[in-house]
Protein chains: 2
Amino acid sequence: MHRTYSLRNQRAPTASELQNPPPPPSSTKNKFFGRGGLAYSFRKNAAGSFGPELSRKLNTLVKMEKNVLRSLEMVANERREAAKQLSVWGLENDDDVSDITDKLGVLIYEISELDDQFIDRYDQYRLTIKSIRDIEGSVQPSRDRKAKLADKIAYLKYKDPQSPKLEVLEQELVRAEAESLVAEAQLSNITRSKLRAAFNYQFDSIIEHSEKLALIAGYGKAMLELLDDSPVTPGETRPAYDGYEASKQIIMDAEGALNNWTLDSAQVKPTLSFRSDYYDEEEEEEELPEEEEEEEEELPEQHEVEEDEHYEEEPVVVA
Amino acid sequence: MHRTYSLRNQRAPTASELQNPPPPPSSTKNKFFGRGGLAYSFRKNAAGSFGPELSRKLNTLVKMEKNVLRSLEMVANERREAAKQLSVWGLENDDDVSDITDKLGVLIYEISELDDQFIDRYDQYRLTIKSIRDIEGSVQPSRDRKAKLADKIAYLKYKDPQSPKLEVLEQELVRAEAESLVAEAQLSNITRSKLRAAFNYQFDSIIEHSEKLALIAGYGKAMLELLDDSPVTPGETRPAYDGYEASKQIIMDAEGALNNWTLDSAQVKPTLSFRSDYYDEEEEEEELPEEEEEEEEELPEQHEVEEDEHYEEEPVVVA
């Protein structure tokens, strides 16, 4: 599904692309430097080659996320430098350019600070994924032990079906299966709860980071309004700049808006073509509350049926 | 102003920090690797040491923005890899985890694609700043020539006040001053118009990028709702996963929302404590339209006064 999505070569232009057509590809893009150097690829490749089989793929993901974090950190640091440099350049210009570049620098510096906060949050997501990797790694030995015992029993049954060892081994296998059953249930539960927690955390962080950045950009645009760009003729001087109060006010407003932002006040909301608090996606939107209650009554039944089914199938599940 | 803002050591916690306290600093942060390697610092330092004096500071900024772009590109590439790896890992898990990680991968891959578009736009901002640097560089010779002529005249006046060369040089100075006057006016006009254009472009791109990311994160959260994380007891099987239709629908909704997004439909709006289409920030919000017209009548007068002032001061400005 991912591939069919990502490998579509020609997409229809989006509404905002029609509104203002996309620029040519960035001149800084480079097939050699777009990837983080040696350390990045070493980290990635090593993760997929060592450790318990079961956890290798997730281990690679954890390392890749570390690369993402490192790169995000570089963006934050470079942007912070650029913000300072903008202010330094502005200082040598006229009052209006000087004040406005300085204030724009403050706003862009704030973006870097937010990037920094986002990095800390993103790392929490990574650590949660890491804990799934750890449980995967810890389940591996119990799977291995069970498989080894089953092999041994099959071998003995073929070679020496009367061996007294066979009984001992079969009892051991029953114990190993019980242990494995618990381990697999733990894996199943922890994988799901951690996966949900990790991505909920990541998405919440993205929402906060994005909305705050959009706010800053909005205030930045207001700041630019203060810059009088009407052309002057040679020898004419510009009217004196009187935007100091206004530019300071914009910074203070921006600071206030950022300080008051909470996840509950988030503006950007996805619109789903069905209700999101459902289990049965076929249910109609216009259904009445009573019907919903019926639906809920139905669900436990369904569940029981499945549980019955599974008790029959149990040996298959354990094997 | 920037320093007092950025060097404030202790900030009051923001509303969202109170709602959920910030995590500890990311464990991947590193004082050695947070900066882009040799190439980054070389680019930055070289830019400030060569070329016309006047354009060095802005040249440094242009190079710093190139570093920002390179780092952004690394983030996009690493994130794209991570999205694929998430899907690869999920494939070995149960149906529900497999489908949901695959779809989350699609959403995160889309974030990378948007990062890529943002990079192209950010580069347009950088190129616009670059054109200010170029005009700065081209104004330098005319300033130098004027200064050199003035020096020569001062020297001759002291050494040989009757020299016939003096008159020629003074005529040359008048011409140089005229040329310089034009050059400075061009610099003043172009700096302002390009600065506004560059940052308006950057901020528009940030708004688009941010809102789209926030949208994707919202759909990601809806996707996570499909993952049943209620714990199972050992030996129990989970109810069969039936979210394929819903997860596909979420992707399609997300795609639709991204395609239909335009700058006009942006949700996050800054709130300013004064009107932004003003020149006089003291004007009251509750003023009547008639008053506004008076305000406008006032403005040209003010302008004329300032122009008068400048005509008196003209020699000072030209020197």
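A: Start with the largest nonpolar core, which has 117 residues; such a core is a set of buried Ala, Val, Leu, Ile, Met, Phe, Trp, Tyr and Cys residues joined through side-chain atoms within 4.5 Å, and buried means under 20% relative accessible area with a 1.4 Å probe, protein chains only. I129(A), F199(A), I129(B) and F199(B) touch the most other members. Helices 4, 5, 6 and 7 of chain A and of chain B each supply at least two residues of this core (helices are DSSP runs of H or I, at least four residues, numbered from the N terminus).

A word on the ground rules: this is a predicted model, where local features need pLDDT of at least 70 and side-chain atom pairs pLDDT 80 or more, while totals for chains, interfaces and linings use all residues. Side-chain values use heavy atoms, without hydrogens and water, residues are numbered from 1 along each chain as written, and chains are lettered from A and ligands numbered from 1 in the order written.

Now zoom in on F199(B). Leaving aside neighbours within four places in sequence, F199(B) is in contact (heavy atoms within 4.5 Å) with L86(A), L104(A), I108(A) and L224(A), plus Y125(B) and I129(B).

Stepping back, the contact between the chains takes 165 residues from chain A and 162 from chain B. On the chain B side, helix 6 gives the largest share, 33 residues, but helices 1 (2-6) and 8 (289-318) are also among the elements giving two or more residues. D229(A) forms a salt bridge with R196(B), their closest N and O atoms 3.6 Å apart; the rule here is a side-chain nitrogen of Lys or Arg within 4 Å of a carboxyl oxygen of Asp or Glu.

How values were computed. Buried < 20%, exposed > 50% of the residue type's maximum accessible area, 1.4 Å probe, protein only.
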